[in-house]
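Biologist: I have a model open and want to learn how to read it. Where do we begin?

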Amino acid sequence: MHFVVTGGAGFIGSHLCDALLADGHDVTAIDNFITGRPGNIAHLRDNASFRLVEHDITQELPAKEQTSLGKVDAIYHLASPASPADFTRIPLEIAIINSVGTRNVLEWARSHEARYLLTSTSEAYGDPLEHPQREDYFGNVNTIGPRACYDEGKRFAEAITSVYIREFRVDGRIVRIFNTYGPRMNPNDGRLPPQFISQALRGEPMTIYGDGSQTRSFCYVSDMVSGLRAVMDAQPEVARGKIFNVGNPDERQVRAFAELIRIISESNSEIEYRPALQDDPARRCPDISRISATLGWRPVVSLVEGMARTIEWFRTQI
């Protein structure tokens, strides 16, 4: 098959490209490198089954008849900055990518009659009042806060995807990604795993915003990729128009997570507490019963195993 991966030079996108190519598919990655990194896909440049198209999806994608890409069978739409550091650095770009950009990708899927998967986010639940979060929970989101460019951007992406599914019969499905970690994360992107690991390896204080009692559930990147593929590969009668949580329900307090990284990295860093961030969710844990019961997917990489692999990769970067 011929797969297109928007955001293919990103952290998760590049691992997805690797997995699809390993199974003998043709892959076209689309990225404008606003946060994607050329190094993430440098090892693929000589692969005859891989193609990189440098393009900003907020600009209209070429019509089917005007592109040399040939028939596209399926599109994984991952393009969007996702780091909290980007919410204040490029908020307008994030909002436009998830609205105008998503519409452009949907139009492309429609013209190619391609299967389409939107990667949404657990941030669609905001600071949840339901725990763990199920797909039918509508969330508790601050629509005008500093995170709204991403949270509401993704919620709009879900809404317009649903319109295309209903009105234009696009074979679309939606995944809400929960916190993911692994090699190729940007060491400076501000999310918890790269922040804590970078600080620990440099011997700097490990910064926790708030008292550290807030929880997160971290999924290793290979598990995330297998979850995305399970949803994409499912038959339309099973997955079309459906939303699936994909993540690891192993819930940990942030301060315990920081301590685990300090132990595995053998760091002497101290833990430093700072004021809590606005709209930072107090608890975050996926209910994955839908994807487990429907598609048989569950994560298999433990936090200790995945974190050891990730820390070893970060040692090569720092």
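Modeller: Begin with Arg 169, which is exposed, with a relative accessible area of 59%. The model is predicted. Arg 169 sits in the loop between α5 (148-168) and β6 (172-177).

Biologist: Which other arginine has a positive phi?

Modeller: Arg 184, with phi near 85°. Arg 184 also lies in a loop, between β7 (180-181) and α6 (192-202).

Biologist: Is Arg 184 buried or exposed?

Modeller: Buried means under 20% relative accessible area. Arg 184 has 15% relative accessibility, so Arg 184 counts as buried. Arg 169, at 59%, is exposed.

Biologist: Now the backbone. Which peptide bond is cis?

Modeller: The bond from His 131 to Pro 132 is cis, with omega near -10°. Pro 132 belongs to the loop between β5 (115-121) and α5.

Biologist: Let us zoom out. How many helices and strands does the protein have?

Modeller: There are 11 helices and 13 strands. The radius of gyration is 19 Å, close to the 20 Å that the globule rule gives for 318 residues, so the protein is as compact as a globular protein of that length.

Biologist: What box do the C-alpha atoms fill?

Modeller: Roughly 60 × 45 × 40 Å, along the principal axes. Of the 318 residues, 55% count as buried.

Biologist: What share of the contacts joins residues 24 or more positions apart?

Modeller: Take the contacts with a separation of 6 or more. Residues 24 or more positions apart account for 80% of them.

Biologist: On to helix pairs. How are two packed helices described?

Modeller: By the angle between their axes and the distance between the axes.

Biologist: Is the crossing of α4 and α5 left-handed or right-handed?

Modeller: Right-handed.

Biologist: Which residues of α4 and α5 meet?

Modeller: From α4 come Pro 91, Ile 94, Ala 95, Asn 98, Ser 99, Thr 102, Arg 103, Leu 106, Glu 107 and Arg 110. From α5 come Cys 149, Tyr 150, Gly 153, Lys 154, Phe 156, Ala 157, Ile 160, Thr 161, Tyr 164 and Phe 168. By class, that contact has 11 nonpolar, five polar and four charged residues. Tyr 164 is also one of the residues that Arg 169 touches.

Biologist: Where is Ala 159, and how far is it from Ser 99?

Modeller: Ala 159 is in helix α5. Ala 159 and Ser 99 are 60 residues apart in sequence, and 9.7 Å apart in space, C-alpha to C-alpha. With a relative accessible area of 38%, Ala 159 is partly exposed.

Biologist: Next pair. At what angle do α1 and α7 pack?

Modeller: Helix α1 (residues 11-22) and helix α7 (residues 221-233) pack at about 65°, with axes 10 Å apart. They are therefore roughly perpendicular to each other. The crossing is right-handed. On the α1 side, the contact is made by Phe 11, Ile 12, His 15, Leu 16, Ala 19 and Leu 20. On the α7 side are Val 221, Met 224, Val 225, Leu 228 and Arg 229. The classes are nine nonpolar, one polar and one charged.

Biologist: And how do the axes of α9 and α11 cross?

Modeller: The axes of α9 (residues 254-264) and α11 (residues 303-317) come within 10 Å and cross at roughly 60°. The two helices are therefore oblique to each other. Their crossing is right-handed. Phe 257, Leu 260, Ile 261 and Ile 264 of α9 meet Leu 303, Val 304, Met 307, Ala 308, Ile 311 and Arg 315 of α11. That contact has nine nonpolar, no polar and one charged residues.

How values were computed
Residues are numbered from 1 along each chain as its sequence is written. This is a predicted model: local features need pLDDT of at least 70, side-chain atom pairs count only at pLDDT 80 or more; totals for chains, interfaces and linings use all residues. Side-chain values use heavy atoms; hydrogens and water are left out. Axes are lines fitted to C-alpha atoms, for helices over the stretch in contact, and angles run from 0 to 180 degrees between N-to-C directions. Helices (H or I, at least four residues) and strands (E, at least two) are DSSP runs, numbered from the N terminus. Angles under 35 degrees count as roughly parallel, over 145 as roughly antiparallel, 65 to 115 as roughly perpendicular and the rest as oblique. A crossing is left-handed if the near helix is turned anticlockwise from the far one by less than a right angle, and right-handed if clockwise. Contact means heavy atoms within 4.5 Å. Ala, Val, Leu, Ile, Met, Phe, Trp, Tyr, Cys and Pro count as nonpolar, Asp, Glu, Lys and Arg as charged, and the others, Gly among them, as polar. The radius of gyration is taken over C-alpha atoms; the globule rule is 2.2 Å times the number of residues to the power 0.38. Buried means under 20% relative accessible area, exposed over 50%, partly exposed in between (1.4 Å probe, protein chains only). Lists of a residue's contacts leave out its neighbours within four places in sequence.
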